Amino acid sequence: MLVSHISQAVPSAFVVLGKGKEGEPSVHNPRMHQNEDIFKYGAALHANVAMEWLKAQHN
């Protein structure tokens, strides 16, 4: 897996923002239902990580 290969070289994290309700098809399934309401949390998470990294570069 690409993520694990990269994480061997640099500090990394892998975040899964919900996979749906129990009993529904999971990720990588063409019948999967994506709850688009959670996208805002993923965007906020990435923005926060970037802002914190930038702040740390100035310390």
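Pocket, patch and salt bridge in a predicted model

Leu 17 sits in the loop that runs between α1 (2-7) and α2 (39-57), with helices taken as DSSP runs (H or I, at least four residues) and numbered from the N terminus. This is a predicted model, so local features need pLDDT of at least 70 and side-chain atom pairs count only at pLDDT 80 or more, whereas totals for chains, interfaces and linings use all residues. Residues are numbered from 1 along each chain as its sequence is written, and side-chain values use heavy atoms, with hydrogens and water left out.

Leu 17 counts as partly exposed because its relative accessibility is 36%; here buried means under 20% relative accessible area, exposed over 50%, and partly exposed in between (1.4 Å probe, protein chains only). Leu 17 also turns up in a nonpolar surface patch with Val 15, Tyr 41, Leu 45 and Val 49, and together these have about 450 Å² of accessible area. Such patches take residues with over 30% relative accessible area and no salt bridge, joining nonpolar side chains (Val, Leu, Ile, Met, Phe, Trp, Tyr) within 5 Å and like charges within 9 Å. The areas themselves come from the Shrake-Rupley method with a 1.4 Å probe, and for residues only the protein chains shown count as cover.

Then there is the largest pocket, lined by Ala 13, Val 15, Leu 17, Leu 45, His 46 and Val 49. The space in this pocket comes to about 180 Å³. A pocket is an open set of points on a 1 Å grid over the protein atoms alone, where a 1.4 Å probe fits, with protein on both sides within 12 Å along at least five of seven lines; lining residues have an atom within 4 Å of a point. Its volume is the space filled by probe spheres set on the points. The lining splits into five nonpolar residues, one polar and no charged, where Ala, Val, Leu, Ile, Met, Phe, Trp, Tyr, Cys and Pro count as nonpolar, Asp, Glu, Lys and Arg as charged, and the others as polar.

On the charged side, the count is one salt bridge, meaning a side-chain nitrogen of Lys or Arg within 4 Å of a carboxyl oxygen of Asp or Glu. Lys 55 pairs with Glu 52, and the closest N and O atoms are 3.0 Å apart. The two are three residues apart in helix α2, so about one helical turn separates them. Lys 55 is partly exposed at 48%, and Glu 52 is partly exposed at 40%.

Back in the loop between α1 and α2, Pro 11 is exposed, with a relative accessible area of 84%. The C-alpha atoms of Pro 11 and Pro 25 are separated by 31 Å, with the two residues 14 apart along the chain. Asn 29, also in the loop between α1 and α2, is partly exposed at 24%.
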